[in-house]
Amino acid sequence: MIVVTSFFVAAAIVAQAACTNPKVRMEWNQMSASQKSLYVQATQALAARPASGQYSNPAIMGWHDFVQTHSDQAYWAHGNAQFYPYHRAMVWQFELALVSTGIWPSNLGVPYFDWSAVSQNWWTHDIFTDQYFGEISSSDPDRCVLTGAFSKSKYQVPQNDRNRVVTGDQKCLRRNAQRSPLTDAVTITQSLAATSFVTFTSQAPGVYYDSTNYHADGHGVLGGPGGDMANPSVSPNDPIFWLHHGLVDKYWWRWQQQCEQFKQDYGGNLMRADDPMSGGTAIASSNQYVESWPFVVAQLLDTQGDTLCYTYSQSAGDLTPPPIQCPAFVKNNNTMTPPPPPPTVSTLDETWVKLMFIGMVKPKALVDWNVAANGGNAPAVVDGPVVFGRDNLNTTVHTSSSAMTASGVTNESTTAFTKTAATTDAATSTGTAEPTTTEEAVLEEEPQEEFTVLQNADGSQTVSYKLANHTVEIPSGYSILKVHHGYVDTSASGKLKRIFPTIPAIPYVPQPDAPVNVIVGANPCHLAYPELLPREYVEKMGMCWQNYQNIHNLEKMRVDEFNANNCTTLYSPSSMMYQ
């Protein structure tokens, strides 16, 4: 097996030997007890290995390397075309790192947890026992995991993570999950009907590449309020991260297996043109590197190609997808040499830190999401850890004025301009985070072809994108901080707001024959709705609340359809009838 040791070596071995004996990644519950034990031992060995500070050679990487680079690249690797290939490369490197411990067999792929097949009672599985990865929550005041291989007495999270500013116990893994349903396989499977990568990843204004909320729900529900899994800055602290992202990668893999063309289909947009791997364009291309890892996207599209060599087992959540008509196969003859990466690939976008994590500074204490009481609009305030971040914080997240930059073109000109945060707090549908400083926002010039900013007579601004057919309306009194492909980060009255293009609301329409107020397990043929995560959490994850709510309403209607059928012709592996 070839271990890639540099980006330049990666570019040179695109045409290495094709995969002939792929590893099979098994679902957790398909593994024997001895295999599960070996996996736990290998993860512990990796967690005990010192961080290497590099990400190209998995043979010397430690657990904390994965946590750190995922934290550093969170801004660039989420919410755009790069999400799936970035995390595929991450799990592949993790798999090779486990093999390098000498404990995990080289002929076995890393496991995944198909929680979509047990969406109603996922917490009953032995993953969450002292024998393996510990309880879903604990009585510890800091929500530290007290049992299992990564318990407070056996594991310490990285201490050099500059994104994690905490009080309380700063060394333990935190998990605070509740016994709440997850997105079911009957819903996730519907998205496999997409006929292009852009459609599959839902790359539209205000859409967060996840047309069923399954990725966000997995993090939010499995981590819980205050849990590391629910925090994109530190989610790989939790070994559950890898089991969850195994399922995420399998979901993409399942879509790709339907048509030969899908195994080379990639496109859409990156977060911004100044992505260090973009080569100066916001357009996603398969000849671009992914953040952190020594691969170009083209090497990551086929899991049995010239670089990767694995496949997935069939699991209970693999329901038959809707029928599709495959597009004609057109061989990709792109032989362009990818641009060399910058000297340092572990770049941290400080504005991402500012916008996503500044809300932790003034905490709101929570025990659970308490969605039933508030409809998901705002978490109930009770004693406990904060909804986002690791603890109640009394420190300030600092950032320099130079980091608070955004770029654009004013009145169709190419003049860079400077604005100071205004004092008007106009109403928008976006979330609010409270900054610790009222520093001036300096807007610097970006490639002119990306967008323009039009100053309107009423003081509002219109951001128009030249690579996409949508606009973002910025109310009067808001100062633009950064313009992204699908949204704009702004500030007004000392508050940060992320504004998305306006999208129509999709109302929930009840199914007349469906039962109401379904409780998990009350009827073996009925499913309970997946949990609606709080608006505060969704927006601090950088997601559009309206889009998330639309998807949740569609999920509820899909569950209603299943429940009204009463197991007559529709099937879900999560139904207690089949547990």
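What is the handedness of the disulfide of Cys259 and Cys326, and what is the torsion about its S-S bond? The torsion is about -80°, so the disulfide is left-handed. A disulfide here is a pair of cysteine sulfur atoms within 2.5 Å.

The model is predicted, so local features need pLDDT of at least 70 and side-chain atom pairs count only at pLDDT 80 or more, while totals for chains, interfaces and linings use all residues. Residues are numbered from 1 along each chain as its sequence is written, and side-chain values use heavy atoms, with hydrogens and water left out.

The structure contains 4 disulfides. With the bonded cysteines numbered in sequence order, the pairing reads 1-5, 2-3, 4-6, 7-8. Secondary-structure elements are DSSP runs numbered from the N terminus: helices are H or I with at least four residues, strands are E with at least two. Burial follows relative accessible area: buried is under 20%, exposed is over 50%, and partly exposed lies in between (1.4 Å probe, protein chains only).

In the link of Cys259 and Cys326, the sulfur atoms are 1.9 Å apart. The pair links distant parts of the chain, 67 residues apart. Cys259 sits in the loop between helix 9 and strand 2. Cys326 sits in the loop between strand 2 and helix 10 (350–357). Cys259 counts as buried at 3% relative accessibility. Cys326 is partly exposed, at 37%.

Cys19 is joined to Cys309, with an S to S distance of 2.0 Å. This link is right-handed, with 70° about the S-S bond. It connects distant parts of the chain, 290 residues apart. Cys19 belongs to the loop between helix 1 (7–12) and strand 1 (23–25). Cys309 belongs to the loop between helix 9 (240–257) and strand 2 (310–312). Cys19 is buried, with a relative accessible area of 16%. Cys309 is buried as well, at 17%.

Cys144 and Cys172 form a disulfide with S to S 2.0 Å. Its S-S torsion is about -70°, so this disulfide is left-handed. Both cysteines lie in the loop between helix 5 (83–100) and helix 6 (185–188), so the pair ties together parts 28 residues apart in sequence. Cys144 is buried at 0% relative accessible area. Cys172 is buried at 1%. Elsewhere, Cys544 counts as buried, at 7% relative accessibility.

An open sheet is formed by 3 strands in the order 7-8-9, with antiparallel pairing. Strands pair if DSSP finds at least two bridges between them. Strand 7 (451–455) and strand 9 (471–474) stand at the edges. Each has a single partner strand, so one side of each is left without a neighbour in the sheet. The twist averages 15° from one strand to the next. Strand 7 is joined to strand 8 (residues 461–465) by 5 bridges. Thr452 stands opposite Ser464 in strand 8.

The axes of helix 5 and helix 9 come within 10 Å and cross at roughly 125°. Axes are lines fitted to C-alpha atoms, for helices over the stretch in contact, and angles run from 0 to 180 degrees between N-to-C directions. Helix 5 is therefore oblique to helix 9. Angles under 35 degrees count as roughly parallel, over 145 as roughly antiparallel, 65 to 115 as roughly perpendicular and the rest as oblique. The crossing is left-handed: the near helix is turned anticlockwise from the far one by less than a right angle, whereas clockwise would be right-handed. Contact means heavy atoms within 4.5 Å. Helix 5 contributes residues including Phe83, Tyr84, Arg88 and Phe94. Among those of helix 9 are Phe241, Trp242, Trp252 and Trp253.
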